[in-house]
Amino acid sequence: MRKLPALIVATTVLAAVALPPASAARPAAQAPTVTAVAAEPPSYVATPLTSYAAFDANQAVAVDAKYFYAVNNTTITKHDRRTGEPLLQFAGDSGGPFIHMDSGVVAGTKLYAVHSNYSDYPMESSIEVFDTKTMRHIDSYSFGIYRGSLTWLDWHNGAWWAGFANYDNISDETGKPYGETYNTQIVKLNDKFQPLASYTIPKPILDRFKPMSNSGGSWGPDGRLWLTGHDLGEAYVMELPTAGAELRWVATVDLPDVQGQGIAWDRSNPRNPTFWAISRPNRLVHTFSMPVSSIKTPAAKGWQVLGPGQFRK
């Protein structure tokens, strides 16, 4: 086997309480206790651009400058992105070794597809590599039994990034949750797929994913990580934390006629990057213009340096 290349801002809601005039006959009313409410980040709506009929659009879509690739469990179909016409297909044989390809990303002339044995137990994952010109399978990297079920992969800022999903749905084999959704991780890897760092997803997002998990991830032209779940038509815009292990949720973008699954940013034209996703029930590939310039990073202060006379005791 060859080695492969290299917020939530807490908002205190103050209730304005009208007090009756003070009098000797009636004691003054007491202000109610106010609880701090964690505000969700702002929401936006994606603008639909183009839709393609794609019979294989069941798990995800990958994209390069001339083609898009509809990903299914055991097949990947290469389409002309000008006409939508299917051109070539990799088709895994029934009975394996391809079981569940979840998504893919194009890097250079190679398509890296993530693969797992979902929903068998224990979880096994691998990266399967294809030549985008011929759609032939050319390489494989196995994680074996690892951090969960590998669902997406992307290359960003000199490193690979991967989503390892865990689920609350009950395993037929164990009768227990398939890893538990809260154990889902985002892992930064070097060019040999060795781990460098791991991050968690905020629990309010994971609660939206339940009983499933994180299905898609792609780094946007804004330098932020965009994540999707298994079912909802929402993309969650994330930033790396300045401290701690949890990714920072800065915005949500509604995706019309999208039901989760794998996504892809088309970065082949830096002047006009587009966002790609699928409609699984309708077997469609959709492209969107995203409100990238409207999404601002909210100020967040997590600590301070105190001088004499200010020390907390």
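**Close-up views of a predicted model**

Tyr167 is buried, at a relative accessible area of 5%; the model shown in these views is a predicted one.

**View A. Tyr167 and Tyr178 in the loop between β14 and β15.** The structure as a whole holds 24 aromatic pairs. One of them is edge-to-face, formed by Phe90 and Phe130, with 4.7 Å centre to centre and 65° between the planes. Tyr167 and Tyr178 form a tilted pair, with centres 5.8 Å apart and planes at 35°. The two tyrosines are 11 residues apart.

View B. His100 lies in β9, which spans residues 100-107. With a relative accessibility of 11%, His100 is classed as buried. Its side chain makes a polar contact of 3.0 Å with the side chain of Asn73. Beyond four places in sequence, His100 touches Gln59, Asn73, Val114, His115, Ser116 and Tyr118.

**View C. The hairpin of β15 and β16.** Strands β15 (residues 185-189) and β16 (residues 195-199) run antiparallel and are joined by four bridges. Lys188 stands opposite Ala197 in β16. Five residues lie between the strands, and Phe193 has a positive phi near 65°. Phe193 also belongs to a cluster linked by ring pairs, together with Tyr112, Tyr141, Phe143, Tyr146, Trp155, Trp160 and Phe164.

**View D. Lysine charges over tyrosine rings.** The charged end of Lys78 sits over the ring of Tyr67, at 4.2 Å from the ring centre. For Lys203, the charged end sits over the ring of Tyr182, 4.8 Å from its centre.

Conventions
Residues numbered from 1 in each chain as written. Predicted model: local features only at pLDDT ≥ 70, side-chain atom pairs only at ≥ 80, totals over all residues. Heavy atoms only, no water. Buried < 20%, exposed > 50% of the residue type's maximum accessible area, 1.4 Å probe, protein only. Polar contact = N/O pair within 3.5 Å; in protein donor to acceptor, adjacent residues only side chain to side chain. Contact = heavy atoms within 4.5 Å. Pairing = 2+ DSSP bridges. Phe/Tyr/Trp six-rings, centres within 6.5 Å; stacked < 30°, edge-to-face > 60°. Lys NZ or Arg CZ within 6 Å of the ring centre and 35° of its normal.
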